[in-house]
Amino acid sequence: MPAPDAPSPDALSQDALAAALDFYRHVGVDIAVGEAPRNFFEESETAAARRLEARPASAERVEPHPRRVAAAPPRKGEGEERAASEPSRQAPRETFREPPRRPAPPPLPEASRPLNPALAADAAAVAASAAESAAGARNLDELRAALDAFQGCALKTTATQLVFEDGARNARVHLVGEAPGADEDREGRPFVGRAGQLLDKMLASIGLDRSQVYISNVVPWRPPGNRTPSPLEVAACLPFTRRQIDLVGAEFVICLGAPSMQALLEIKDGILKTRGRWMAYRDGARSIPAMAMLHPAYLLRQPLQKRLAWRDLRALKRALDGEAPDFAPTA
Ligand code: URA
């Protein structure tokens, strides 16, 4: 007979269950996909090796898309430097409902990186197919459909849905974030969670709202457990992001956070060093004034840094009001 104040066996098992769920939530588990654990890394390596073996020699050549127009070569968002501005660090538990972004594993030094020809060939084929598919999209609806059909980014298999865009397609400002979180994955719209609410306030501080800007991410599918998208995932989606920027044709591109800045402006420095400076987003012969700003998720954790964001927002406002940006083209 249990002691009168001891918890009943039922209550005990409920506590244990709650503790297990809490543990899963903290390590980033947010969806049950099966009874047994699966090693997706191993599976995709094996599949890549199989595809390489099965590929006829002639398939090495990629035929140009008939509608292809000046397909920009895919640029890699290399250098997964976890700068302070990225939306990955954990907020205090009581104020941040979403699991934090966890850093992607750091890249191995060049010399010790294992050469996996199957994966390298696969990455090149993915880049070629993404560039071809993105270049073939004549408008944003076609681009969304092309992304929906794209099989080159494994994040698609774990995400609930594509998170493509929000705001006005003819906006003067195009804000590009990192990747959807849990709320965005559920709703299918970027920046609808707590970071999005802060973004709304930031925009309001310079007299803008969502109907006056265009919002997207460098990766349109939620990384499992809210981790930072890997350089390969960003690279796979980059031709679509670049085409999206091209089709929107905004006057100003704002990169929210380091992954967006690194991918679009090809800068490896941390965002605290780079934010607030007008730079060039280049697309072929075209060059659009672009600025990196601190990510709202970072500002939720580091509220004192809002003064820097406020400075950058005012620079954007001045540019929107007609002041020529102090334009410092990137090398
Ligand atoms: N963080 C991002 O970078 N993008 C979103 O859409 C939401 C949170």
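Trainee: What is the mean pLDDT of the protein, and which stretches fall below 50?
Mentor: Of the residues in this predicted protein, 66% reach a pLDDT of 70 or more, and the mean is 80. Over residues 58-99 the pLDDT is below 50, although this stretch has 101 contacts in the model beyond near neighbours in sequence. A further stretch below 50 has 1 such contact, namely residues 108-112. Where pLDDT is low, the predicted coordinates should not be read in detail.

Trainee: Are the residues of strand β4 buried or exposed?
Mentor: Strand β4 covers residues 252-256. Phe 252, Ile 254 and Leu 256 point one way from the strand, while Val 253 and Cys 255 point the other way. A residue counts as buried if 20 or more other C-beta atoms lie within 10 Å of its own. By that criterion, 5 of the 5 residues of β4 are buried.

Trainee: In which sense does β4 pair with β2 and with β6?
Mentor: Strand β2, residues 173-177, is joined to β4 over 4 bridges, with Val 173 opposite Phe 252. Between β4 and β6 there are also 4 bridges, and here Val 253 stands opposite Ala 290. The sense of the β2 pairing is parallel, and that of the β6 pairing is likewise parallel.

Trainee: How many residues lie between β5 and β6 in their hairpin?
Mentor: Strand β5 (residues 279-283) and strand β6 (residues 286-293) pair in the antiparallel sense over 5 bridges. Within this pairing, Ala 280 faces Pro 289. In the turn, Gly 284 has a positive phi of about 60°. The number of residues between the two strands is 2.

Trainee: Why is helix α9 described as largely enclosed, and which elements do its buried residues pack against?
Mentor: Helix α9 spans residues 258-265, and because 8 of its 8 residues are buried, the helix is largely enclosed by the rest of the structure. Among the buried residues are Ala 258, Met 261 and Leu 265. After the helix comes Glu 266, with a positive phi near 55°. The elements against which the buried residues of α9 pack are β2, α8, β4, α10, β5 and β6.

Key:
Residues are numbered from 1 along each chain as its sequence is written. This is a predicted model: local features need pLDDT of at least 70, side-chain atom pairs count only at pLDDT 80 or more; totals for chains, interfaces and linings use all residues. Two strands pair if DSSP finds at least two bridges between them. A residue is buried if 20 or more other C-beta atoms lie within 10 Å of its own, exposed if 12 or fewer, and partly exposed in between; C-beta atoms are placed from the backbone. Two residues are in contact if their C-beta atoms, placed from the backbone, lie within 7 Å. pLDDT is the predictor's confidence in each residue, from 0 to 100.
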